[in-house]
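Q: Got a model to go through with you. Can we take pockets, helices and backbone in turn?

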Amino acid sequence: MVYDVIIVGGSYAGMSAGLQLARARRKVLVIDAGQRRNRFAATSHGFLSQDGQPPELIAAEGRGQLMEYPTVTWVQDTAVDATQRQDGFVVQTRCNGGFNAKRLILATGVVDELPEVEGLKERWGKHVFHCPYCHGYELDQGRIGVLATSPLAMHHAMLLPDWGTTTLFTNGVFVPDAEQQAQLERRGVHIESQAVRRIVGERADMELADGRVIALDGIFTLSRTRMASPLAEQLGCEFVEGPTGPYLLTNETRQTTVPGVFACGDANLAGGSVALAVGEGVRAGVGAHFSMIFS
């Protein structure tokens, strides 16, 4: 069987792309490994009509709605290889063999490479976050730490006073210059230059190298991201180096530099959220459909 479109990645962007194609009565295959990026978070925020819902419930509801369409097939598996042929694409999976399609949508997402700080990994998505718009409000204007991993910590530190009393922990990787210090002072940000030893406590208290422990209600930091799947590189898609890692170069229809291959979600955004992923999925799904008609 040849599908119209194979979507690799069944999280929010992939399902959103699939919904557009299903409503056009196209034959769609979703291949999903079940590794949503926000699986560590208890709740999701900022997505109209779903604000405060557990991510797994949003995903389950989306999948249930998508699978109501008879032209959609779902395979729970990992896509390990993709090749382009004259008449389309072949995607090989780990357990279910190969599948053929005219078009390919990569909604494969990214993996967060977290700072090597003791106590951080187990608090990721619970008391340590990357997106103020997703998790800042729930800290209830409390005590917020910014753990620097690069000069981009300046961006976080300037934003976060809108959500609470903010301390920037430079941790030896970022030293604000005089102008930046003045900007931070105007925003009421305290700068802590002592190295961070570890994160402790029920929430996310910062233990410093000099033995002090600074109580916090939450910490924001920037992870480094990498592609969660090798498929884009195998196909020869071009990447853009973003502020925290590479992402796929796409045009306004979300087609990559390889004709017939589209991308959506965190794989082609420098930063992301559930709401952005859903919107980008719409663009990729519509773009793939257009390409089968107008190319």
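Q: How do the residues lining the second largest pocket divide by class?
A: They divide into 14 nonpolar, 12 polar and two charged. Nonpolar means Ala, Val, Leu, Ile, Met, Phe, Trp, Tyr, Cys and Pro; charged means Asp, Glu, Lys and Arg; the others, Gly among them, are polar. This is a predicted model: local features need pLDDT of at least 70, side-chain atom pairs need 80 or more, and totals for chains, interfaces and linings use all residues. Numbering runs from 1 along each chain as its sequence is written, and side-chain values use heavy atoms, without hydrogens or water.

Q: Which residues lie nearest the centre of that second largest pocket?
A: His130, Leu222, Ala270, Gly271 and Gly272, out of 28 lining residues. A pocket is an open set of 1 Å grid points, over protein atoms alone, where a 1.4 Å probe fits, with protein on both sides within 12 Å along at least five of seven lines; lining residues have an atom within 4 Å of a point.

Q: Switching to helices. At what angle do α1 and α2 pack?
A: About 20 degrees, with axes 10 Å apart. That makes α1 roughly parallel to α2 (angles under 35 degrees count). Helices are DSSP runs of H or I, at least four residues.

Q: Which residues of α1 make the contact?
A: Tyr12, Met15, Gly18, Leu19 and Ala22. Contact means heavy atoms within 4.5 Å.

Q: Backbone now. What is phi of Asn171?
A: Near 55 degrees, positive in a residue other than glycine. Arg254, also not a glycine, has a positive phi of about 70 degrees.

Notes:
Axes fitted to C-alpha atoms, helices over the stretch in contact; angles between N-to-C directions. Helix = DSSP H or I, 4+ residues; strand = E, 2+ residues; numbered from the N terminus. Parallel < 35°, antiparallel > 145°, perpendicular 65-115°, else oblique.
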